Amino acid sequence: MNRRDFIKLMASLGIGSALVLEGIDKIGAAAEVAPDSKALPAKHWGMVIDVSKFNSPQDFQKVAQACHQYHNVPDIDDPRHEVKWIWQEDFEHTFAELESEYLSEKVKQLQFPVLCNHCENPACVRVCPTKATFKREDGIVAMDYHRCIGCRYCMAACPYGARSFNFFDPRPYIEQINSDVPTRTKGVVEKCTFCVERLAKGQQPVCVEASGGAIVFGDLDDPNSSVRQVLKDNFFIRRKVELGTGPSVYYIIGGGGASA
Amino acid sequence: MLEKALYGSKRYYAWVGLLLILCVIGLAAYLKQFNYGLGVTGLSRDVSWGLYISQFTFMVGVAASAVMVAIPYYLHDYKTFGKIVILGEFLAVAAVIVCVLFIFVDLGQPTRLLNIILHPTPGSIMFWDMCVLTGYLLLNFIIGWTVLGYEKKGFPAPRWVKILTYIAIPWAISIHTVTAFLYAGLPGRAYWLTAIMAARFLASAFAAGPALLIILCIILRKWTSFKTSNRAIQSLATIVTYAMIANVFFFLLEVFTAFYSGIPGHMTALQYLFAGVNGYNNLVPFMWIATVLAFLGIILLLIPKVRRNEKGLILALVSVFVAAWLDKGIGLVLGGFVPNAFGQVTEYIPTVNELIIIMGVYAIGLLVLTILYKVVIGVREQNEVAEPSEGF
């Protein structure tokens, strides 16, 4: 290489790297996109579930089906490998520490929809070694499926059993793929996301829509929000509050007309 | 120095060949898991960690135990351990490699392993575990290899290695403390949520690790030119005795707290492990065998006549080692998943494929250990034959 070629090469390298750096700047700027004008804002998303409105298996089925279909949750029969975002447990299992032999038949029969509690102080986020699961500013505990290494530390940390692991490729178990949201790959953990992609478009979570008023969703930090109104008028319980996780999913068993 | 590992007796070649075959079989089993996913294991939604992670935990202890040879030798100038301190360091090297491999085979997305470094998360104990384990691996390898290299040439070890040996001592404590913190800070797992977890881990490690080291010394003494003195072995056995007593004592403290407080969450895991819950009792025989072996090992080690007899000593050490392995390499991790978040029990039975992978990982560890020990023996043999001045 003569001197002339060398200078040419250096010059082109210089221009090239300048372009690259400029591009990186642009990417950085793009990362802070303005939210959709229709996006629902909140400081702390929370959910209130009126258990008395889940009377028949169908009441719950339509909610779980809507969620699982929308989110491409595979339908795996084996309880060891199943993936579930929202499902039902009875009182004794949902609130194992409140179990009593004198529970009324009515309470014993109640079925509680359970899902990720989107904790204020989430243990799963604390333990994740890659920040693949993280807490957003609006309180939602979200997942980056592309960053998850599948160590399952979050599953050991979650006191609610809310997380599922893809023990194999889930895609063959999805009946109809919804292209609005991702499918997952084998070897990553997944769970309920409070429908972040719908909130960003101004829509309520799927389960809330499908529940026909049995599930209320809103900003816990806003005293005038629907969830706060329901909480003001009803006695509520949350799962395992003694652990300090601060679950954002509230259960009311009242069944009073004022609830939802 | 590595060339010393290339020449050996027929027995040596056969042993290395056997280990290589086991490695290949293990690799084949791993490829199956790599292609299909962790569904080929016995793991489940409720028991999301199994034998891989429990073997990892146990082997961190074996790695940390090198410090039980290093402290007397480097800090107290206990010269009896002078010859075997390198065996402890190289055992730590092999053990840490095994640990890293067990983490690797446990990952659902192993190709993304570097995300731990690309997105460092100091809030996660796993990040710190990676840091301390990597550091400990490097420390022990550099110390062992350098000291041996100088020994080969007939020089005393350089000063900077001495500094590293001092750093390695608290570092060894740190690897097992951080590994205990992986478990001890999780809010929903009562069996793991205990302040003496790190202390228990260290006690169990300082019993099982040196027990293994003595057995290795006895094997080397029988089959190779590496002769460890009886005095060194008896000193190590004393360490094993009291570490095991501490280990059992710490475990009984857990039993007291759980059952005297009567808090169901704290009792359930112990009930599951030792009696079974709702008919789920897979681990009961293992835990009772561990209990019997723990006491048997301690009693045998406390009787002078038995521990001074090679066969008696081996029996005692194997008892201690197996007891510690059953407690930490099986009961600890699996007990933590009982009860699950809904107060239920799910049992875990490893699959054959999973066991073959575990065998493969241990084969790799044994291969590394064999090669490192062969180099040590080769260097010592050469120095015994050669005149001290020949190197100049």
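Mentor: Strand β8 (residues 215-219) of chain A is mostly covered, since five of its five residues are buried. This is a predicted model, in which local features need pLDDT of at least 70 and side-chain atom pairs count only at pLDDT 80 or more, while totals for chains, interfaces and linings use all residues. Residues are numbered from 1 along each chain as its sequence is written, and chains are lettered from A in the order in which they are written.

Trainee: Why is B:S204 called buried?

Mentor: A residue is buried if 20 or more other C-beta atoms, placed from the backbone, lie within 10 Å of its own, exposed if 12 or fewer, and partly exposed in between; B:S204 has 31 C-beta neighbours inside 10 Å and therefore counts as buried. B:S204 is found in helix α8 (residues 197-223) of chain B, a helix being a DSSP run of H or I with at least four residues, and a strand a run of E with at least two, numbered from the N terminus.

Trainee: What makes strand β1 (residues 45-50) of chain A a partner of β8(A)?

Mentor: Two strands pair if DSSP finds at least two bridges between them, and five bridges join β1(A) to β8(A), which run antiparallel. A:G46 stands opposite A:G218 in β8(A).

Trainee: Which residues are in contact with B:S204, leaving aside its neighbours within four places in sequence?

Mentor: Contact requires that the C-beta atoms, placed from the backbone, lie within 7 Å; on that basis B:S204 is in contact with B:G61, B:N247, B:A324, B:D327 and B:K328.

Definitions and conventions: Two residues are in contact if their C-beta atoms, placed from the backbone, lie within 7 Å.
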